[in-house]
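Me: Please take a close look at one part of this model. I want the side-chain contacts there, with the cut-offs behind each term.

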Amino acid sequence: MVQRGDQAAMASLYDRYSRIVYSVALRVLHEPEAAEDILQEVFMQLWRNPSSFVAARGSLGGWLAIVARNRSIDTLRRKRPATSVDDVALASPCNLADEAERDTLMQRARVVIQQLPREQRKTLEMAFFDGLTHTEIAEITGDPLGTVKTRIRSALLSLRKAFQR
């Protein structure tokens, strides 16, 4: 148990969730080195303060992905990358059962996102994958700030509803 400082438990969590944390960070940052830094930071946070995860609010994997996304966006805001990195193939041993479960969840998310109205989908992608603030999205799209916020919230509610079934 990580709360008691069990290194084996932490290693197990790392083996299970490191790919998703790294993937989220790489998707936002487009830099493998920066994504590795985020990966390390997220798991160090979990190790130092395991009580920051509240099981009643969602799954550990989802929480780690959100923490990785938020840290990645913070990194982007501190320093915008000068050049983008094309898709990088990474070799990593994986647990096929975990990979299959993750792939199934990712496919469900893709389907739900593709079914969103175009404006909601684009706004959600700009916020979550490009790391833009609501204000930046409003400036880019020319939409009112309230509209941007409403679109993102509606899209997230649709995703939540799809995953609660």
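Reply: Glu-41 is partly exposed, with a relative accessible area of 31%. Here buried means under 20% relative accessible area, exposed over 50%, and partly exposed in between (1.4 Å probe, protein chains only). Glu-41 forms a salt bridge with Arg-71; the closest N and O atoms are 3.2 Å apart. The term requires a side-chain nitrogen of Lys or Arg within 4 Å of a carboxyl oxygen of Asp or Glu. This pair links distant parts of the chain: Glu-41 lies in helix α2 and Arg-71 in helix α3 (residues 60-78), 30 residues apart. Helices are DSSP runs (H or I, at least four residues), numbered from the N terminus. Arg-71 is partly exposed too, at 26% relative accessibility.

The model is predicted: local features need pLDDT of at least 70, side-chain atom pairs count only at pLDDT 80 or more, and totals for chains, interfaces and linings use all residues. Residues are numbered from 1 along each chain as its sequence is written, and side-chain values use heavy atoms, with hydrogens and water left out.

Helix α2 (residues 32-48) also holds Phe-43, which is linked to Tyr-14 in helix α1 (residues 7-29), 29 residues apart. Tyr-14 and Phe-43 form an edge-to-face aromatic pair, 5.0 Å centre to centre, with 65 degrees between the planes. Rings of Phe, Tyr and Trp (its six-membered ring) pair if their centres lie within 6.5 Å; planes under 30 degrees apart count as stacked, over 60 as edge-to-face, the rest as tilted. Phe-43 is buried at 5% relative accessible area, whereas Tyr-14 is partly exposed at 34%.

Definitions and conventions:
Helix = DSSP H or I, 4+ residues; strand = E, 2+ residues; numbered from the N terminus.
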